[in-house]
Amino acid sequence: MNYVGIDIGSTASKVVARGETQMEFVLPTGWNSKETTRIIQERLKEHNVDVLDETTKVVATGYGRIAVDFADYVITEITCHARGGRELGSDNCGIIDVGGQDTKVILVQNGMVHDFLMNDKCSAGTGKFLEVMANRLGVTLQELFDLAAAGEVLPISSLCTVFAESEVINYIGEGRKREDIAAGVVDSVAAKVAQLAQRKNLPEQVILTGGLSHSRYFTRILSAKMNQTVMPTDYGRYAGALGAALLAEEKSKKKKH
């Protein structure tokens, strides 16, 4: 048997396969989730995972989950991220997921979702804002973090991405150092994520998932903002897809019994 989790995010789609075939991959979602779904299906088949075969069970989650028409189950992001985060953390943990278009805070108690919170859609506290600013400064995301580590923070106060970007453009126009602008950008996102997370009573263990989850620099800044250690996770960008794959296996075995 193979168990596949597919997380169609707003900017990136993540896939995890468990069972006879062990693999994971990520690709841009693009403008058409249906087309992305077909590419995923073909990529899996190249590795002998046929999503249409009865020996494969699929759970779809994320922004574009309804586009996965071959899914055996369609499950919400909160449930899948909680299950994946629990696997990466523990049965009692807080999960901060910084995605492309939103940020989620999920509290897991005794292995189950206890509470959760999502940010407003017009917030600059997301990974997409960092990507936009990195492009504006002509660097990669990792280079943005490297620059930020060497800079002094320039304040960026706007809650809206459009206005926050205008602040950055003004700094560029004033000839401010790239390092200082980068430090301001990262500090701004970390502050907004921290403000969201601190609206909940977080447990001792807090992990970061999503596209920034591998960054030791970002988790260090976020931890300082929250006065609490936030742990990076190397596999964190796959948390939703991992949770989906685990749920596919659990549901399949439960159905058999």
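Just after helix α7, Asn227 takes a positive phi of about 55°. Helices here are DSSP runs of H or I with at least four residues, strands are runs of E with at least two, and both are numbered from the N terminus. This is a predicted model, in which local features need pLDDT of at least 70 and side-chain atom pairs count only at pLDDT 80 or more, while totals for chains, interfaces and linings use all residues. Residues are numbered from 1 along each chain as its sequence is written, and side-chain values use heavy atoms, with hydrogens and water left out.

Back to Asn227. Asn227 is not a glycine, yet its phi is positive. The residue sits in the loop between α7 and α8 (239-256). With a relative accessible area of 73%, Asn227 is exposed; buried means under 20% relative accessible area, exposed over 50%, and partly exposed in between, with a 1.4 Å probe and protein chains only.

There is another case of this kind. Asn110, also not a glycine, has a positive phi of about 50°. Asn110 belongs to the loop between β7 and β8, and its relative accessibility of 64% makes it count as exposed.

Now helix α7 itself, residues 216-226. Which of its residues are buried? They are Tyr217, Phe218, Thr219, Ile221, Leu222, Ser223 and Met226. These buried residues pack against β6 (93-98), α4 (141-149), α6 (178-197) and β9 (206-210), where contact means heavy atoms within 4.5 Å.

Ser215 lies in the loop between β9 and α7. Its relative accessibility is 4%, so Ser215 counts as buried. Residues up to four places away in sequence aside, Ser215 touches Phe145 and Pro232.

Next, the cores. A nonpolar core is a set of buried Ala, Val, Leu, Ile, Met, Phe, Trp, Tyr and Cys residues joined through side-chain atoms within 4.5 Å. The largest one has 41 residues, and those with the most contacts inside it are Ile96, Leu144, Val185, Phe218 and Leu222. Two or more residues come from each of β6, β7 (103-109), α3 (127-137), α4, α5 (161-173), α6, β9 and α7. Helix α6 gives the most to this core, with 11 residues. Phe218, leaving aside neighbours within four places in sequence, is in contact with Val98, Phe145, Val186, Val189, Ala190, Leu208 and Leu212. Apart from this core lies another, of 17 residues, among them Ala17, Ile40, Leu44 and Val49. As background, nonpolar side chains in soluble globular proteins tend to be buried together.

On to the sheet. An open sheet of five strands runs in the order β3-β2-β1-β4-β5, with mixed pairing. Strands β3 (23-28) and β5 (73-74) stand at the edges with a single partner strand each, so one side of each has no neighbour in the sheet. Two strands are taken to pair if DSSP finds at least two bridges between them.

Strand β1, residues 2-8, has seven of its seven residues buried, so it is largely enclosed by the rest of the structure. Asn2, Val4, Ile6 and Ile8 point one way from β1, and Tyr3, Gly5 and Asp7 point the other way.

How many bridges join β1 to β2 (residues 12-19)? There are seven, and the two strands run antiparallel. A hairpin of three residues connects β1 to β2. Strands β1 and β4 (residues 56-61) run parallel and are joined by six bridges, and Val58 in β4 is the bridge partner of Val4. Strands β4 and β5 pair in the parallel sense over two bridges, with Tyr73 in β5 as the bridge partner of Val59.

Asn2 counts as buried because its relative accessibility is 5%. Not counting residues up to four places away in sequence, Asn2 touches Arg18, Gly19, Glu20, Thr21, Asn48, Val49, Thr55, Thr56 and Lys57. The C-alpha atoms of Asn2 and Ala182 are separated by 43 Å, and the two residues are 180 residues apart along the chain.

Last, strand β8, residues 112-118, which holds Phe116. At 42% relative accessibility, Phe116 counts as partly exposed.
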